[in-house]
Amino acid sequence: MDLTLTDEHEAIRALAADFTDRELIPNAAAWDRAEAVDRGIVKRLGDLGFLGMTIPEEYGGSAGDHLAYCLVMEELGRGDTAVRGIVSVSLGLVTKPLLAYGTEEQKRHWIPKLTAGDALGCFGLTEPGNGSDAGHLKTKAVKDGDGWRVTGSKIFITNGTWADVALVFARTGNKDGQPDDGPRGITAFLVPTDTPGFQAREIKGKLGLRGQATAELVLEDVRVPDEARLGEIGQGFKIAMSTLDKGRMSVAAGCVGLIQACLNASVDYATQRDQFGKSIAHYQLVQEMLADISVDLDAGRLLVWRVADLIEGGQPYATAASTAKLFCSEAAVRAANNAIQVFGGYGYIDEYPVGKYLRDARVLTLYEGTSQIQKLLLGRALTGVSAF
Ligand code: COS
């Protein structure tokens with residue numbers, strides 16, 4: 001793995017860093033308090049090309065490789081995990097599977113709008129009764145003439161109330177037309193959110209990610225034509241899982257940004273705050289916390305870059321993505337917790353950003369596959385034995 005960044009990488013990182021410093025960091029606390037990110041940010045993300053990373057220019061994308069994508073996710077994650085999540089979900093979990101599995105017509109219809117920030121996507125996999133056990137989800141799509149009727153509900157859906165299109169996974173029966181209540185009976189659909197019967201309700205009162213539009217989706221007899229089907233009948237679970245493999249890389253990259261933010265804030269505070277006649281940076285127990293954050297930062301970043309490198313090299317990357325997601329999300333919680341400790345009582349009030357870092361970090365070990373699911377995926381890769 002070559003660890004040298006090209007001029008293009010440096011340029012895109014600088015662009016994202018500048019955007020984060022000017023538009024995210026000054027607003028993140030206010031968005032958190034108001035429980036609403038400024039929606040105008042979506043168009044800005046599109047204008048800067050961040051919603052089109054790795055997507056070919058012929059579909060309105062801004063191209064670039066997966067390392068460039070990770071650098072942008074890291075910078076956005078340094079500024080606001082909620083905003084990084086908007087991109088990770090719309091681009092990573094909707095535009096990318098559209099590019100990989102969509103028909104030419106589907107790609108031409110949706111991708112240019114999504115990359116421009118004129119439309120937003122959400123990913124409808126998790127249900128009230130099926131989180132980790134996604135293969136047994138209950139939402140149903142029943143054939144209706146030349147189309148489908150979709151009924152069910154989805155929960156904890158990032159971008160849910162903002163999205164124009166929802167990638168919905170529903171039970172249809174398998175590719176042979178037989179009923180199947182496991183992973184092989186699931187099909188993916190691109191459902192425009194203005195279709196009659198589609199409702200999104202925002203979930204308030206979250207511990208963190210308060211500015212993000214997280215929703216519950218309810219679909220009641222939502223009729224879509226067969227052209228809304230993404231991929232083959234029965235292929236939905238594989239589409240979901242392969243999409244999450246790359247999604248986990250982008251979450252991990254965002255975690256690295258959050259760890260960097262924790263380190264920056266902690267070093268600044270430690271060098272300015274005096275106790276016992278000198279700055280607390282003079283104390284070994286404080287330096288230990290800074291060193292712990294710094295080691296996690298470097299290790300996490302290298303794990304993320306390895307995934308990007310494997311993807312670019314056409315190598316299998318799912319296990320490396322689980323490793324990066326597991327390590328970086330747990331490290332982000334550790335880093336934010338340490339940052340609060342460095343800040344002492346000031347870390348516990350929202351005049352300083354570190355309390356928000358911990359609240360935002362906490363979801364990272366839950367979504368896009370819990371830490372326990374990542375460990376079981378690693379265990380299966382090591383032993384060949386599935387423990388779920
Ligand atoms: N890429 C492509 N195909 C995959 C895949 C992947 N990463 N993972 C599994 N598949 C395929 C399998 O090869 C298998 O194919 P066949 O039908 O040809 O045999 C099929 O999908 C079923 O796989 P598996 O047996 O592993 O399914 P399980 O129901 O046991 O799934 C886990 C297990 C737990 C791994 C899965 O449900 C999971 O990842 N859960 C977490 C869900 C999640 O991350 N939710 C967050 C949503 S976004 S916030």
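**Exercises on a predicted model**

In this predicted model, a side-chain N or O atom of Arg248 lies 2.8 Å from an oxygen atom of the ligand. Local features require pLDDT of at least 70 and side-chain atom pairs pLDDT 80 or more, while totals for chains, interfaces and linings use all residues. Numbering starts from 1 along each chain as its sequence is written, and side-chain values use heavy atoms, with hydrogens and water left out.

**Exercise 1.** Find which residues are closest to the ligand, and which atoms of Ser132 and Asp245 face its nitrogen atoms.

Step 1. The ligand is surrounded by 20 residues, the closest being Ser132, Arg184, Lys238, Asp245 and Arg380.

Step 2. For Ser132, a backbone N or O atom is 2.8 Å from a nitrogen atom of the ligand. For Asp245, a side-chain N or O atom is 2.8 Å from a nitrogen atom of the ligand.

**Exercise 2.** Determine which strands pair with S7 and in what sense.

Step 1. Strands are DSSP runs of E, at least two residues long, and helices are runs of H or I of at least four; both are numbered from the N terminus. Two strands pair if DSSP finds at least two bridges between them.

Step 2. S7 (residues 214-225) pairs with S3 (residues 147-158) over 9 bridges, in the antiparallel sense. Here Leu219 of S7 stands opposite Gly152.

Step 3. S6 (residues 198-202) also runs antiparallel to S7, joined by 5 bridges. Glu216 of S7 stands opposite Arg201.

**Exercise 3.** Describe the largest nonpolar core and the contacts of Leu45.

Step 1. A nonpolar core is a set of buried Ala, Val, Leu, Ile, Met, Phe, Trp, Tyr and Cys residues joined through side-chain atoms within 4.5 Å. Buried means under 20% relative accessible area, exposed over 50%, partly exposed in between (1.4 Å probe, protein chains only).

Step 2. The largest core has 101 residues, of which Ile41, Leu45, Leu76, Phe123 and Phe169 touch the most other members. Helix H7 (residues 236-272) gives the most to this core, 18 residues.

Step 3. Contact means heavy atoms within 4.5 Å. Beyond its neighbours within four places in sequence, Leu45 contacts Phe19, Phe50, Leu51, Leu76, Val83, Ile86 and Val87.

Terms used. Near = heavy atom within 4 Å. Polar contact = N/O pair within 3.5 Å; in protein donor to acceptor, adjacent residues only side chain to side chain.
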